[in-house]
Amino acid sequence: MIEKQSGIQPDLCLRHAGRPLDLSSRLSRSWRGFAVELVSVDGASEFSFQRVSNTHYLALHDIVLDQGQIRVDDLAMDQRRDLRGTITFLPSGCSVQGWSAATARTNSFTALYFDATLLREEMDMRYREASLAPVLYARGGPLPATMSKFQTVFADQALDSLHAESACLIAAIEVLSLPQMQGAGRLTARQTSAVIDYIGDNLACDLSLSDLAGVAGLSRYHFGRAFKTTTGQSPYAFILQRRVDAAAEMMATSRMSVEQVAEMCGFRTTANLRRKFQQAKGMTPLAFRRSVQ
């Protein structure tokens, strides 16, 4: 499953028995400026890897090795084996190479690739590229929990771009240790009206943070902060509430099936509609229909 919605694509070179790792073991999704990849290998296996790129690389590992070694730039060789719950960050231009002989279990890692130039422009980032140092197999901090959320990108086929893009931005901010901007601004009345109208007109679509920020004429980072300051909700929470309310209205006033309502309201699957509706209304869509008739 590879979705090409971004100029960025996963570029870690993985080889097994001298050949590129089977693509069925590499799941990837991408958005503007970001790509997320889940690599999973069952059973004992040995593979080599290498990378040097102009994008940043951030990974959460769930890997146990029998043997292995890795070298980042000209630093000393690292031979740690229990990599579960560890984080690796490779800034753009940083080289890495090595090999791993994995223990007989399901070993995996989740990687985020992101465009440093784009984020620097969007977030008014105040750092110098030269100051970014590689981090290898670090433990603790907020990043493992943040990165673990990306597994829902592949587990939940109904996950929308808005939620995923927001998670990418949060992970990028955390790893770059950006200072928190003081006094987040608000959307103007015109921006707020334009964004809300756009959401209403496109509720059935897979709305992205890029789409909404474009309507407001802001970067994704500044839009997300300004939108929450203005409405009291994140863009994702706001749209989810609108979708649930629209579904409730349709269930109460029409004869459309749950499947039709799910499609019309942008839930993508009936299971996703039922789950979100139950959480918001305390009952299933069909039970809600019976209660108002």
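**Cavities, a sheet and salt bridges**

The model is a predicted one, in which local features need pLDDT of at least 70 and side-chain atom pairs count only at pLDDT 80 or more, while totals for chains, interfaces and linings use all residues. Residues are numbered from 1 along each chain as its sequence is written, and side-chain values use heavy atoms, with hydrogens and water left out.

To find this second largest cavity in the structure, look for its lining residues: Leu14, Leu21, Val39, Ser40, Val41, Phe47, Ile63, Asn107, Ser108 and Phe109. Two or more of the lining residues come from each of β4 (34-41) and β10 (107-114); strands are DSSP runs of E with at least two residues, helices are runs of H or I with at least four, and both are numbered from the N terminus. The lining of the second largest cavity comprises seven nonpolar and three polar residues, with no charged ones. In this scheme Ala, Val, Leu, Ile, Met, Phe, Trp, Tyr, Cys and Pro are nonpolar, Asp, Glu, Lys and Arg are charged, and the others, Gly among them, are polar.

In total, three cavities of 30 Å³ or more are present in the structure. The largest cavity has a volume of about 220 Å³. It is lined by 16 residues, of which Phe49, Tyr57, His61, Ile70 and Tyr137 are the closest to its centre. Five strands, β5 (45-51), β6 (56-62), β7 (65-72), β8 (86-90) and β9 (96-102), each contribute at least two residues to this lining. By class, the lining of the largest cavity holds 13 nonpolar residues, three polar residues and no charged residues.

Some of these strands also belong to a sheet. Strands of a sheet pair through backbone hydrogen bonds, in either a parallel or an antiparallel manner. The open sheet has five strands in the order β2-β1-β5-β9-β7, paired antiparallel, where pairing requires at least two DSSP bridges between two strands. At the edges are β2 (19-20) and β7, each of which pairs on one side only. Seven bridges join β7 and β9 in the antiparallel sense. Ile70, one of the residues closest to the centre of the largest cavity, has Gly98 in β9 as its bridge partner.

The structure contains eight salt bridges, each defined by a side-chain nitrogen of Lys or Arg within 4 Å of a carboxyl oxygen of Asp or Glu. In one of them, Arg80 and Asp78 meet at 2.7 Å, N to O. Arg80 is partly exposed at 41% relative accessibility, whereas Asp78 is buried at 14%; buried means under 20% relative accessible area, exposed over 50%, and partly exposed in between, with a 1.4 Å probe and protein chains only. Asp82 and Arg84 form another salt bridge, with their closest N and O atoms 2.8 Å apart. Asp82 is partly exposed at 36%, and Arg84 is partly exposed at 40%.

A further salt bridge links the side chains of Asp245 and Lys281 at 3.6 Å, N to O. Because Asp245 lies in helix α8 (residues 235-253) and Lys281 in helix α10 (residues 270-281), the pair ties together parts that are 36 residues apart in sequence. Asp245 is partly exposed at 35%, and Lys281 is partly exposed at 34%.

How values were computed:
1 Å grid on protein atoms, 1.4 Å probe; cavity = no way out; pocket = protein on both sides within 12 Å on 5 of 7 lines; lining within 4 Å. Points joined across faces, edges and corners; volume = space filled by probe spheres on them.
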